[in-house]
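Hi,

Here is the structure I said I would pass on. Have a look first, and my notes follow below.

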Amino acid sequence: MDVRYVTMLESKIPVVETRLDFNDLIGALKVRLGINRMNYAVEPGLYAVGSPDAESLVFVSSNYKLSFDLLRKELSGMNAFILVLDTRGVNVWCAAGKGTFGTDELIRQIRTTGLKDMVRHRELVLPQLSAPGIAGYKVFSLTGFRVLFGPVRAADIREYLKNGKKADQRMRNVSFDLLDRLVLIPVETRMYSRHLVYLMITGFFLSGLNRKGYSITGLGTTGIRFVRNMLYAYLCGTCDGPILLPWLPGRAFSVKGLVLGVFAFAILAVNRLIGEKPAEMLAWMLLVPVMCSFLLLNFTGASTFTSLSGVRKELDEALPIQKTVAAAGLAAWCWSLFSGGKDG
Amino acid sequence: MDRMKYIHRVATLKVDAKKCTGCGICLEVCPHEVLAAGGKAVEIIDLDACMECGACSMNCPFQAISVNAGVGCAAAFILGSVGSNGESCCCPETSTSEPACCGGPGKCCE
């Protein structure tokens, strides 16, 4: 691939396009699907957009390629620098929370790239969500560069600049709308998919057991039912949960998940999809709600408004109950294999 | 639709009105309008909207704001609690007895 460079003070600075190409779009799609998302990074350092000079703005980015691409596509027609920090391929907000999009790393990149000699001004435009990791006043006192926190979303940069580098409240707020939640579903679904598959395989083959020994006909009835219901409960938790989040009752996500799971079970029950033996029906009554409760609890990690203290509280209170209910549900299911009934 | 809020009255955000000079940088960096300009000092107007990201306390030049910001990744605690090795979290190395994504500030992915 041809890379253009601008030379400033004998440094060759790579020029990046402000239009995303097919590979960029495919890459973005893949990481949204959870494919290769821990390995999607650009080299840290200084980049150029257009033909910058010593008066051009400096934007600061993480080295997660999705963040980088979302930024550069908003800079078309501009002459600017992009200073990319080494955040180990992690996005701005997570990296800021961990400290990798941090004061020390910003100062280090300023020094390494010789930015002070490249630009005459002393301003850096940072994404607002880097603020948990960047102490602006410390950067100023140690480098002389003033940190300006720009809008949350790169798409607002143009308006931010037009307003004289002022962000209104809308640009500073983070919401969690339906679209925001939808794009998280693929990764949420992948997160415990391996555990689900192991469980489904195990349950499927166990379902041949009965009072008289082992029978393959059990696989075709009880086994298929187990796999189907498990998948149903899982997808309820990872897909329906995020979609319905604002409308599910309660503030705790584990409670929202519980309610969702109870409804999901009710739908199975009404359609007579929970088997015929009381022990198995009990098992599903426990397993479906507990799975949804757990999966919604997990979704707190992807949400944009849950406090760490709140999540800790939920974990302390809900997780032990969830573990007990899940164990009871699985035990009831296993018991049902050996109890009397049509399938026995 | 009203914006979503999380569990009542657990956020650890506190403002020390004596140290606060009213410079307002915290108001700029907060993503949820938790704080607002008060008389001289800023005030917490919506504690339940606080997600403890730490942007405000990190940027207060006068150390007037405190909050238990921690790592900021709730999924890490969950994965750590269920004994996962953090492979689906953003932190590849971890021990099973800690949150999957480091146990606190400064211990990340070293």
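What percentage of the contacts in chain B with a separation of 6 or more do residues 24 or more positions apart account for? They account for 43%, where contact means heavy atoms within 4.5 Å.

Before you read on: this is a predicted model, in which local features need pLDDT of at least 70 and side-chain atom pairs count only at pLDDT 80 or more, while totals for chains, interfaces and linings use all residues. Residues are numbered from 1 along each chain as its sequence is written, chains are lettered from A and ligands numbered from 1 in the order in which they are written, and side-chain values use heavy atoms, with hydrogens and water left out.

Chain B on its own

Chain B has 3 helices and 4 strands, and from the N terminus on they run β-α-β-β-α-β-α. Helices (H or I, at least four residues) and strands (E, at least two) are DSSP runs, numbered from the N terminus. Of its 110 residues, 51% count as buried; that is under 20% relative accessible area, with exposed over 50% and partly exposed in between (1.4 Å probe, protein chains only). Chain B exposes about 5,200 Å², and carbon and sulfur atoms supply 53% of that. Accessible areas come from the Shrake-Rupley method with a 1.4 Å probe, and for residues only the protein chains shown count as cover.

Where B meets A

The contact takes 46 residues from chain B and 50 from chain A. Between them the two chains bury about 4,400 Å², 62% of it on carbon and sulfur atoms; buried area is the accessible area (1.4 Å probe) that two parts lose on being put together, summed over both. On the chain B side, B:Met4, B:Tyr6 and B:Ile78 lose the most area to chain A, together 18% of what that side buries.

There are 2 salt bridges between the chains, a salt bridge being a side-chain nitrogen of Lys or Arg within 4 Å of a carboxyl oxygen of Asp or Glu. B:Glu28 forms a salt bridge with A:Arg172, with the closest N and O atoms 3.4 Å apart. Helix H1 (25-29), helix H2 (55-59) and helix H3 (74-81) of chain B are the elements that give two or more residues to the side touching chain A. H3(B) gives the most to that side, with 6 residues.

One more thing, on chain A: A:Val197 sits in helix H11 and is partly exposed, at a relative accessible area of 38%.

Cheers
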